[in-house]
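Reader: I would like a close look at one part of this model: the place where the two chains meet. Please take me through it step by step.

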There are 2 protein chains.
Amino acid sequence: MCSVLVPRAPLRRVAVTGGTHGNELSGVYLVRHWLQDPSELQRPSFSTTPVLANPAAAAACRRYVDCDLNRAFTRTLLLSRATPDDPYEVTRARELDQLLGPKASGSDQAFDFVLDLHNTTANMGTCLIVNGSHNIFAMHLSHHLKLQFPELPCRVFLHQPLQSAASESNSLDSVAKNGMTVELGPQPQGVLRADVFSRMRALVASALDFTELFNQGTAFPAFEMEVYRNLGSEDFPRTEDGDLAGIVHPQLQDRDYEPLQPGTPIFQKFSGEDVRYEGHATVYPMFINEAAYYEKHIAFLRTEKLVVSVPPLPALTPTQGL
Amino acid sequence: MCSVLVPRAPLRRVAVTGGTHGNELSGVYLVRHWLQDPSELQRPSFSTTPVLANPAAAAACRRYVDCDLNRAFTRTLLLSRATPDDPYEVTRARELDQLLGPKASGSDQAFDFVLDLHNTTANMGTCLIVNGSHNIFAMHLSHHLKLQFPELPCRVFLHQPLQSAASESNSLDSVAKNGMTVELGPQPQGVLRADVFSRMRALVASALDFTELFNQGTAFPAFEMEVYRNLGSEDFPRTEDGDLAGIVHPQLQDRDYEPLQPGTPIFQKFSGEDVRYEGHATVYPMFINEAAYYEKHIAFLRTEKLVVSVPPLPALTPTQGL
């Protein structure tokens, strides 16, 4: 088992990143607040650094300036020679790689954990995005958060590259030794809702508390957990020119995580006609009608729901601990 | 009584404008659809022209490129000499003034009516924005729409310039002889919701039906109607540097049109402290937490609720009619 995903030593440096997408305001304003007053991030056994990931996009209240920062953390881009024509986000990705990484595997300099804060316009509630069930630490953290907020439906999304098992993660948290994404919705781009803001703030506090418990030598037993795993995505109906020809069906809108059966209407064309789901099996849609995904040709993600068994997270031994 | 606001002749040319703000997608996609297939806009007695008001902003899925188009229809801007440095929206406002106006008062060339389609991120439901209760035709149209959609709360907002009674309207519909704005929410910027899309489509159809009835010689009796009239606006709490220091209070969020009493919490500071409403009288907030108004320093509009008596809209006489 990879030592990063089952840490053998206390986590010493944690980063909380917001504004990776500049119009997802919960993280932007939490980080701006913590940069002024970081007191609520402090825990005895480790340091927490708030980072405004994409300051230019946040200043413009846009997702990005030139390209999506959260797809720019590939080794190829990070290691290529800088040029004056590089997109802003590629330059910024290299800066963040210097600050929080470097991504080059096995680096001891990298931060131990990055918690990256996002919002979605979809009716996703609280969603914790983990890069695979092998990430034992993040799975235990997710389980802890679910238990801490029993009043929330808090879902875990295993996001694994679809092309091949070896395919590289290109998201911000991939520059550190380990990480997780917190995705809260629904919230319009460019809007701060108090309910979503408070929920994100409480989740971050609880994630830091979990890290403190682990660092102090707490063992966490094995458990089983329901998770959603990505299978692919579905595009909107389009005209021959590639323009939208329809819209998410009212029967599907806001029904993230609910089972979608073959034959169910998923789109309504502007001409009035329904488009039905043509898959062969039940899937669980997520990110339904997320504003930022129109340009990525994603009307929703298809996921499967499964129960995974997560092994225990062993306590650090005194010599490993504080 | 001004003949435009109580028409003495049939309306012959109506425009339906969408995408005045390029990320308010219901109007953008309705107009794009109608430009391909205008059949549902046709009525026997008049022509209806769909217009994509801000094509560059719609292509970029942004509210505007350089400045807010819906504040650019002032006589000063429309009549000033064009220069290569003009903001895109000022140039576009002059084009729309040529197409739908000109605004110069008393022009016979101008369109008879412009229906301008908007969305808001606020929980505004269906809101019809009329430029004053003296606009008898628009008041009757609003009343007709309320009666046609009894299942909707459909509110009428009298938007009158606050500075002085003579202050000029600078919105798109001001270039035509008469007009009205349809404002539907909540819908995130950059998102098309099927429920909002269908509602807007049905409202436009019903507005055209009303115009047809009027042109055909129908008289509409006097009535009384509840309306909201603007009193001013409230900004977010801010730091000394002008940054946001807080957020719309969870007790106020989504409560558009509900009475707000003095002393009620309206903002929650990031530090945790509540900010209470310090006015001396009950007001009715609107556009609470609209994304586009952060930069305008508007957290919500304050309005008063009143009942207005609207005189009859007399039937056209046969010589005036068809």
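Author: This is a predicted model. Start with the contact itself. In chain B, 28 residues are in contact with 28 residues of chain A. The two chains bury about 2,200 Å² between them. Of that area, 62% lies on carbon and sulfur atoms.

Next, the polar side. Eight residue pairs, both at pLDDT 80 or more, are in polar contact between chain B and chain A. Three elements of chain B each supply at least two residues to the side that touches chain A: α1 (25–36), α6 (194–215) and β8 (246–248). Helix α6(B) gives the most, with four residues. By type, this side of chain B divides into 14 nonpolar, ten polar and four charged residues.

Now the salt bridges. Side chains of opposite charge can pair when their charged atoms come close. Between chain B and chain A the count is two. One salt bridge pairs R193(B) with D254(A), and their closest N and O atoms are 2.8 Å apart. The pair crosses between chains. R193(B) sits in the loop between β6 (179–184) and α6 of chain B. D254(A) sits in the loop between β8 (246–248) and β9 (265–269) of chain A. The two partners differ in accessibility class. R193(B) has 16% relative accessibility, under the 20% limit, so R193(B) counts as buried. D254(A) has 29%, and therefore counts as partly exposed.

R201(B) and E40(B) meet through their side chains, at 2.8 Å from N to O. This pair links distant parts of the chain, 161 residues apart. R201(B) is in helix α6, while E40(B) is in the loop between α1 and β2 (47–52). E40(B) is partly exposed, with a relative accessible area of 30%.

Last, the symmetry. Two copies of a chain are related by a rotation about an axis and a shift along it.

Definitions and conventions. Residues are numbered from 1 along each chain as its sequence is written. Chains are lettered from A and ligands numbered from 1 in the order in which they are written. This is a predicted model: local features need pLDDT of at least 70, side-chain atom pairs count only at pLDDT 80 or more; totals for chains, interfaces and linings use all residues. Side-chain values use heavy atoms; hydrogens and water are left out. Contact means heavy atoms within 4.5 Å. Buried area is the accessible area (1.4 Å probe) that two parts lose on being put together, summed over both. A salt bridge is a side-chain nitrogen of Lys or Arg within 4 Å of a carboxyl oxygen of Asp or Glu. A polar contact is a pair of N or O atoms within 3.5 Å; within protein, one must be able to donate a hydrogen and the other to accept it, and residues adjacent in sequence count only if both atoms are side-chain atoms. Ala, Val, Leu, Ile, Met, Phe, Trp, Tyr, Cys and Pro count as nonpolar, Asp, Glu, Lys and Arg as charged, and the others, Gly among them, as polar. Buried means under 20% relative accessible area, exposed over 50%, partly exposed in between (1.4 Å probe, protein chains only).
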